[in-house]
Structure formats: structure tokens, C-alpha cells
Amino acid sequence: MSKIAILGITGNAGSRIAHELLARGHSVTGIARDPSKATARPGLTLVAADATQAATLAPLLEGHDVVVSSTRFVGGIDAATLVAAAKQAGVPRIAVVGGAGSLEVAPGVALIDTPQFPDAYKAEAGAGRVFLQALRGEKDLDWTFLSPSALFAPGERTGKFRLGGDQLLADAQGNSHISMEDFAIALADEIERPQHARQRFTVGY
């Protein structure tokens with residue numbers, strides 16, 4: 001059993017990751033600006049805090065084995081703050097809920113740079129790419145960045161999916177999608193059995 005802190009536990013992805021980890025018997029600390037939006041459960045400790053400040057965050061992370069960042073990239077914690085807080089707290093690993101925008105659809109071509117990428121998501125996807133680039137320059141802390149497929153929404157927990165690297169995954173019909181429930185499985189698996197140290201990987205059907 002690990003002790004895991006989750007930033008953004010009240011969000012769609014964060015709440016499902018917490019559910020998956022708690023079901024596996026891990027101890028979870030949920031950190032959010034308004035933790036009252038989260039459901040109290042055995043094994044879950046809720047803490048109210050602004051996670052964007054390293055000085056505030058670091059004491060809350062002490063004693064944890066892993067910190068999961070499930071906040072938005074625009075207006076949420078940035079990579080430098082997350083890494084600094086983890087190091088200050090002595091947390092050896094961070095796992096980040098990434099975005100699909102930085103995944104490649106062709107050699108050297110990211111999804112965000114294609115004409116069909118929606119303008120409404122460009123700021124968030126661009127900030128996610130910057131976050132990933134910052135992590136790739138981190139040599140001391142163990143990190144993992146898990147990008148979902150293009151369509152990332154609440155759905156079913158099937159346990160049937162594929163893992164990939166830096167390329168966008170799509171099914172036989174050309175659809176790129178993953179439920180948040182199955183994404184949570186992939187992230188929990190990575191926390192329990194690390195396969196992607198200092199790497200980004202992706203999950204899809």
C-alpha cells in the first residue's frame with residue numbers, strides 16, 4: 001500500500017483516480033481549493049489548499065510516496081512548482097494527468113499543430129506541452145506524464161485498452177478515445193508497477 005497525494009481531486013479525472021486507488025487499498029490525500037466537493041471515504045484524507053504555491057504545498061506532501069497532479073495546466077500548478085514542492089517534501093515520484101494535444105499524429109507533428117485542432121482547447125493543450133517539456137529537463141525526480149486519447153470523458157471502466165508512447169492512439173475506425181475510468185486504471189497500474197520512469201506514455205482503445 002502506498003500513500004498518494006492527489007492535486008485536483010474534485011475534478012472529473014482526479015475523482016476517478018482517487019476512486020481507483022482507494023479501491024486498491026492505497027491511502028489517498030486529496031488536496032483542493034474546495035475539498036467539500038469531494039466525497040468522504042475510508043482511506044481518504046481531504047485538505048483545503050492552493051496547490052499553486054510550493055511553500056504551501058510542500059508540507060502537505062511530506063510522508064507521501066507519490067503525488068498525482070490532476071489540475072488544469074492553465075491556472076493550475078506549473079511543472080517547476082510541482083517539482084520544487086515534491087523535492088522539498090521528499091516525495092520521490094510525481095505522476096501527471098496530461099493532455100492529448102502534445103501527442104504526435106505524424107513524425108514531428110503534434111495533434112495541437114493540426115488544422116482541425118479546436119481553438120477552444122489550444123491554450124490548455126499548449127500549456128500541457130510546456131509542462132511536459134519542463135519535466136523532460138528534470139533529472140533528479142522520478143516523473144511520469146500520462147496523456148489520454150483525444151476524446152477523454154467519463155464513461156465505463158472496462159479494463160481493456162492499449163498503451164502507447166508519444167503517438168496518438170486510434171481504433172480501427174480512426175477514433176481516438178479513452179474513458180476517465182480506464183485512464184485511472186492505467187495510471188494506478190503505473191503507480192503500482194512503474195514502467196515509464198521519466199517518460200510520457202498514452203492510453204487508448
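How are helix 3 and helix 4 oriented to each other: parallel, antiparallel, perpendicular or oblique?

Analyst: In this predicted model, the axes of helix 3 (residues 79–89) and helix 4 (residues 122–136) come within 9 Å and cross at roughly 40°. Angles under 35 degrees would count as roughly parallel, and 65 to 115 as roughly perpendicular; helix 3 and helix 4 are therefore oblique to each other. Where the two helices meet, helix 3 contributes Ala79, Leu82 and Val83, and helix 4 contributes Phe131, Ala134 and Leu135. By class, the residues of this contact comprise six nonpolar, no polar and no charged.

Turning to helix 4 itself, its end C-alpha atoms lie 21 Å apart, which agrees with the 21 Å that its 15 residues should span at 1.5 Å a residue. The buried residues of helix 4 are Glu124, Ala125, Gly128, Phe131, Leu132 and Leu135. Around the axis they cover an arc of only 115°, which puts them on the same side of helix 4. Two of these buried residues, Phe131 and Leu135, also take part in the contact with helix 3. On the face of helix 4 turned away from its buried side, Ala123, Val130 and Gln133 are exposed.

Key
Residues are numbered from 1 along each chain as its sequence is written. This is a predicted model: local features need pLDDT of at least 70, side-chain atom pairs count only at pLDDT 80 or more; totals for chains, interfaces and linings use all residues. Side-chain values use heavy atoms; hydrogens and water are left out. Axes are lines fitted to C-alpha atoms, for helices over the stretch in contact, and angles run from 0 to 180 degrees between N-to-C directions. Helices (H or I, at least four residues) and strands (E, at least two) are DSSP runs, numbered from the N terminus. Angles under 35 degrees count as roughly parallel, over 145 as roughly antiparallel, 65 to 115 as roughly perpendicular and the rest as oblique. Contact means heavy atoms within 4.5 Å. Ala, Val, Leu, Ile, Met, Phe, Trp, Tyr, Cys and Pro count as nonpolar, Asp, Glu, Lys and Arg as charged, and the others, Gly among them, as polar. The expected span of a helix is 1.5 Å times one less than its number of residues. Buried means under 20% relative accessible area, exposed over 50%, partly exposed in between (1.4 Å probe, protein chains only). The arc is that of the directions from the helix axis to the C-beta atoms.
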